[in-house]
Amino acid sequence: MGREDRFPLWEAALGAGVAAVFAAVLVGVYLSMLDSDYSFLKLPRNLHELQILTGHLENYTSDYTVQVLIGYCDVYIFMQTFMIPGTIFMSLLVGALFGQLRGVALVVFAASAGASSCYFLSKLIGKPLVFMLWPDKLTVTPTLPNTFINLASPMVDVLFHTFLLATLIGLIPAAYVTVRAGIALGELTSLSDLYDTQSVALLFLIGVVSVTPALLSKDKAQEKAPEIAAGAS
């Protein structure tokens with residue numbers, strides 16, 4: 001059996017090792033806090049559970065700011081790395097706990113770190129596994145969830161600096177909207193409340209500003225192309 005045909009055991013061990021590191025960080029955070037009832041600490045699956053979690057964490061954030069920050073980033077990066085759904089609730093949570101500016105900075109940092117971790121883990125583990133199982137069936141569609149983009153980018157040889165820049169540009173608008181909504185978490189009744197008219201208009205404006213430089217550069221390149229061709233002839 002050739003190397004390309006075997007099951008990637010060391011890659012699987014690497015993935016388990018990465019998960020163990022995240023778990024060790026959480027254990028360290030837990031041990032550094034006073035004994036108490038932490039049964040409320042679980043990943044929220046809906047707004048009601050998120051509001052309950054926020055109510056408890058608000059009491060700890062002022063006394064254990066560092067531990068809450070480390071625990072939050074560890075969980076968010078872990079979820080992004082292993083493509084676990086629910087990071088939108090984590091973005092709302094940080095808005096409620098830390099406000100707009102620090103909240104956006106935390107979400108952009110954690111999401112970028114998690115996306116980068118997913119990228120490199122996919123490059124080491126996912127790419128060999130996919131090409132072993134489906135060597136002729138790897139496809140990419142024009143519209144993809146960001147978790148799939150994190151996973152697929154190294155498989156189709158997207159350079160990391162290109163991937164990271166695109167991730168940062170794409171994260172900031174969504175982070176701003178969700179963190180801002182988290183500040184008024186108690187007023188939310190459903191996730192659809194995140195995208196009111198003002199938020200949609202803001203996202204549209206940010207999108208226009210983001211793509212304008214690229215469009216202008218493309219137009220300039222097209223204008224220069226005939227001049228270059230004429231000079232060459």
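Predicted model: local features only at pLDDT ≥ 70, side-chain atom pairs only at ≥ 80, totals over all residues.
**Entry: overall fold**

I found 8 helices and 0 strands, and the order along the sequence reads α-α-α-α-α-α-α-α. The chain has 233 residues, of which 33% count as buried. I looked up the contacts with a separation of 6 or more, and 75% of them join residues 24 or more positions apart. For the accessible surface I noted about 13,900 Å², with 68% of this belonging to carbon and sulfur atoms.

**Entry: annotated segments**

I consulted the UniProt record, an unreviewed entry, for the feature "transmembrane region". The record places this feature at residues 12–33, 75–98, 104–122, 158–179 and 199–216. I then examined two of these segments in the model. Over residues 75–98, I found 79% helix and 0% strand, with the end C-alpha atoms 16 Å apart. Over residues 104–122, I found 100% helix and 0% strand, with the end C-alpha atoms 26 Å apart.

**Entry: threonine 54**

I turned to threonine 54, which has its place in helix α2, residues 47–61. Is threonine 54 buried or exposed? Its relative accessible area is 4%, and the cut-off for buried is under 20%, so threonine 54 counts as buried. I also checked the side chain of threonine 54, which reaches the backbone oxygen of leucine 50 at 2.8 Å. Setting aside neighbours within four places in sequence, I listed Leu93, Ala96, Leu97 and Leu185 as the contacts of threonine 54.

**Entry: alanine 96**

I followed one of those contacts, Ala96. Alanine 96 lies in helix α4, residues 87–98. Its relative accessibility is 22%, which falls between the limits of 20% and 50%, and alanine 96 therefore counts as partly exposed. With neighbours within four places in sequence again left aside, alanine 96 is in contact with Thr54, Glu58, Gly182, Ile183 and Leu185. I noted that Leu185 is listed for threonine 54 and also for alanine 96. I also looked up the spacing to arginine 180: alanine 96 and arginine 180 are 84 residues apart in sequence, and their C-alpha atoms are 8.5 Å apart in space.

**Entry: histidine 161**

I located histidine 161 in helix α7, residues 160–183. Histidine 161 has a relative accessible area of 56%; because the cut-off for exposed is over 50%, this residue counts as exposed. How far apart are the C-alpha atoms of histidine 161 and serine 116? I found a separation of 10.0 Å, for two residues that are 45 residues apart along the chain.

**Entry: aromatic pairs**

I searched the whole structure for aromatic pairs and found 9. One that I examined joins tyrosine 60 and tyrosine 64, with ring centres 6.2 Å apart and planes at 35°, so the pair is tilted. Tyrosine 60 and tyrosine 64 are both buried. I also examined phenylalanine 78 and phenylalanine 82, whose ring centres are 5.0 Å apart; their planes are at 45°, so this pair is tilted. Phenylalanine 78 is partly exposed, at a relative accessible area of 26%. For phenylalanine 82 I likewise noted 26%, and this residue is partly exposed.

Key: Residues numbered from 1 in each chain as written. Heavy atoms only, no water. Helix = DSSP H or I, 4+ residues; strand = E, 2+ residues; numbered from the N terminus. Buried < 20%, exposed > 50% of the residue type's maximum accessible area, 1.4 Å probe, protein only. Polar contact = N/O pair within 3.5 Å; in protein donor to acceptor, adjacent residues only side chain to side chain. Contact = heavy atoms within 4.5 Å. Areas by Shrake-Rupley, 256 points an atom, 1.4 Å probe, with all protein chains shown as cover. UniProt positions renumbered as here; feature names shortened; annotations may be inferred. Phe/Tyr/Trp six-rings, centres within 6.5 Å; stacked < 30°, edge-to-face > 60°.
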